[in-house]
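Reader: I've got the sequence and the coordinates open. Can you walk me through the packing?

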Amino acid sequence: MSTGYRFADALARAGDALPAPVLEYLMTGAGEGISAAEAGEAWRALRLRPRVLRDVSTVDLTTQLLGEATHLPFAVAPTTLQRAVHPEGEVAMARACATAGQLLVVSSNAGSTFAEIGATGARWWLQAYLTQDRSRSAPVLETAVAAGAQAVVLTVDTPVVSTKRYAGDTVWEATDPALLRVNFPVGADPAQDAEKATDLGPADIAWLTTVTGLPVVVKGVLRGDDAVRCLEAGAAAVWVSSHGGRQLDRAVPTASALPEVRDAVGEHAEVYVDGGVRTGLDVLVALAAGADAVFAGRAPVLALLDGEEGVWTWQQTWAAELVEAMRLAGVATVPQVRPAGLLARP
């Protein structure tokens with residue numbers, strides 16, 4: 001068994017084990033890849049102001065997300081083509097999450113059925129795009145609700161799919177189509193169902209709430225004023241995300257956007273973040289910068305190369321790093337982090 005998870009090591013192993021188009025798909029950013037490349041450094045550039053003379057004998061990583069406790073303040077972001085990394089794909093990921101008490105967000109393009117994912121007992125939310133014809137989105141939403149999804153994560157930063165620069169064949173040309181979109185109705189038109197809505201608006205948040213009966217989290221927010229608009233339209237939470245640097249290149253890093261979003265919404269709603277998080281210390285920095293939870297996409301998917309055990313190793317490594325960092329920062333619980341004023345503002 002591995003003694004721990006390190007992102008650079010996992011990436012190197014994936015380079016040896018995965019077909020080049022799959023790894024390229026997972027790691028490539030939009031355009032020149034500027035946003036994707038600078039995401040991690042943006043977290044490392046932030047600095048903490050640790051507290052001392054605090055009792056950190058016991059550190060508790062439990063936090064509340066949408067009214068329900070989760071054992072870890074970092075969770076799995078939605079990522080497509082997990083079955084191209086490991087045959088069990090999202091099911092292996094979900095089993096690891098169920099064991100750890102960790103939240104999982106499942107891509108609407110998943111290669112495993114929602115029923116299989118739900119049967120693991122994991123707590124999971126559905127990530128969804130809306131199509132230009134909203135009725136085409138309804139069947140996938142209904143299937144997810146029936147399988148036990150507890151929230152809908154509406155991705156709003158993809159009115160069109162940005163241009164990527166691939167070295168050779170794209171993953172769509174080199175990968176079995178059976179490894180994704182298995183929850184769409186039989187006979188569905190892939191081209192129409194893949195068409196993203198260019199007219200997304202606040203009313204879609206209310207529509208999703210009505211159709212599913214679930215809370216709606218809006219993912220892809222990088223501005224405080226947009227975050228406020230989402231909440232006014234009925235969103236249960238906002239998710240600061242640049243889509244892993246895969247949409248608008250040169251967009252501001254999420255580490256820079258997060259404090260503005262938190263300041264804009266205050267304590268009226270939960271705020272989540274992803275993008276460039278590579279260690280448990282990064283998680284603490286993100287919590288200090290304003291996040292209620294931190295999501296990772298590439299890190300757990302690279303860990304999935306070793307199946308459920310690989311994801312477990314990632315979870316345990318980040319949890320141990322986070323506990324150590326919290327002790328050194330003088331906080332014993334996740335709810336203490338933001339009020340402690342740990343982040344050094346410029």
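Author: Take Thr-155 as a way in. Leaving out residues up to four places away in sequence, Thr-155 touches Gln-127, Ala-128, Tyr-129, Leu-200, Lys-219 and His-243. Keep in mind that this is a predicted model.

Reader: Which strand is Thr-155 in? And is Thr-155 buried or exposed?

Author: Thr-155 belongs to strand β6. Its relative accessible area is 3%, so Thr-155 is buried.

Reader: Lys-219 was on that contact list. Which ring does its charged end sit over?

Author: The ring of Trp-239. The charged end of Lys-219 is 5.4 Å from the centre of that ring.

Reader: And what does Arg-278 lie over?

Author: Arg-278 lies over the face of Phe-7, with 4.0 Å to the ring centre.

Reader: Now ring pairs. How many aromatic pairs does the structure hold?

Author: There are 10 aromatic pairs. One of them joins Phe-74 and Trp-314: the ring centres are 5.5 Å apart and the planes stand at 75°, so this pair is edge-to-face.

Reader: Where do Phe-74 and Trp-314 lie?

Author: Phe-74 is in strand β3, residues 74–76, and Trp-314 is in helix α14, so the pair ties together parts 240 residues apart in sequence. Both Phe-74 and Trp-314 are buried.

Reader: What about Trp-125 and Phe-295, what is their geometry?

Author: Their ring centres are 6.5 Å apart with the planes at 40°, so that pair is tilted. Trp-125 sits in strand β5 (residues 124–128) and Phe-295 in strand β10 (residues 293–296), so here the pair ties parts 170 residues apart in sequence. Trp-125 and Phe-295 are both buried.

Reader: Which residues do ring pairs link into a cluster?

Author: Trp-125, Trp-239, Tyr-272 and Phe-295.

Reader: On to the core. How many residues has the largest nonpolar one?

Author: The largest nonpolar core has 97 residues. Those with the most contacts inside it are Tyr-5, Phe-74, Leu-104, Trp-124, Val-294, Trp-314 and Trp-318. Helix α14, residues 307–329, gives the largest share of this core, nine residues. Another core lies apart from it, with 14 residues, including Ala-77, Leu-103, Trp-239 and Phe-295.

Reader: What is Trp-124 in contact with?

Author: Leaving aside neighbours within four places in sequence, the contacts of Trp-124 include Leu-104, Val-106, Phe-114, Ile-117, Ala-144 and Gln-150.

Reader: Switching to α9. Which of its residues are buried?

Author: Asp-204, Ile-205, Leu-208 and Thr-212 are buried in helix α9, residues 202–212. They cover an arc of only 110° around the axis, which puts them on the same side of α9.

Reader: What covers them?

Author: The cover over the buried residues of α9 includes α6 (138–147), β6 (152–155), β7 (216–221) and α10 (224–232).

Reader: Which exposed residues are on the face turned away?

Author: Ala-203 and Thr-210 are the exposed residues carried there.

Reader: Cys-97 and Cys-230, buried or exposed?

Author: Cys-97 counts as buried, at 1% relative accessibility. Cys-230 also counts as buried, at 10%. The cut-off for buried is under 20% relative accessible area.

Terms used
Residues numbered from 1 in each chain as written. Predicted model: local features only at pLDDT ≥ 70, side-chain atom pairs only at ≥ 80, totals over all residues. Heavy atoms only, no water. Core = buried A, V, L, I, M, F, W, Y, C linked by side-chain atoms within 4.5 Å. Buried < 20%, exposed > 50% of the residue type's maximum accessible area, 1.4 Å probe, protein only. Helix = DSSP H or I, 4+ residues; strand = E, 2+ residues; numbered from the N terminus. Contact = heavy atoms within 4.5 Å. Arc of directions from axis to C-beta. Phe/Tyr/Trp six-rings, centres within 6.5 Å; stacked < 30°, edge-to-face > 60°. Lys NZ or Arg CZ within 6 Å of the ring centre and 35° of its normal.
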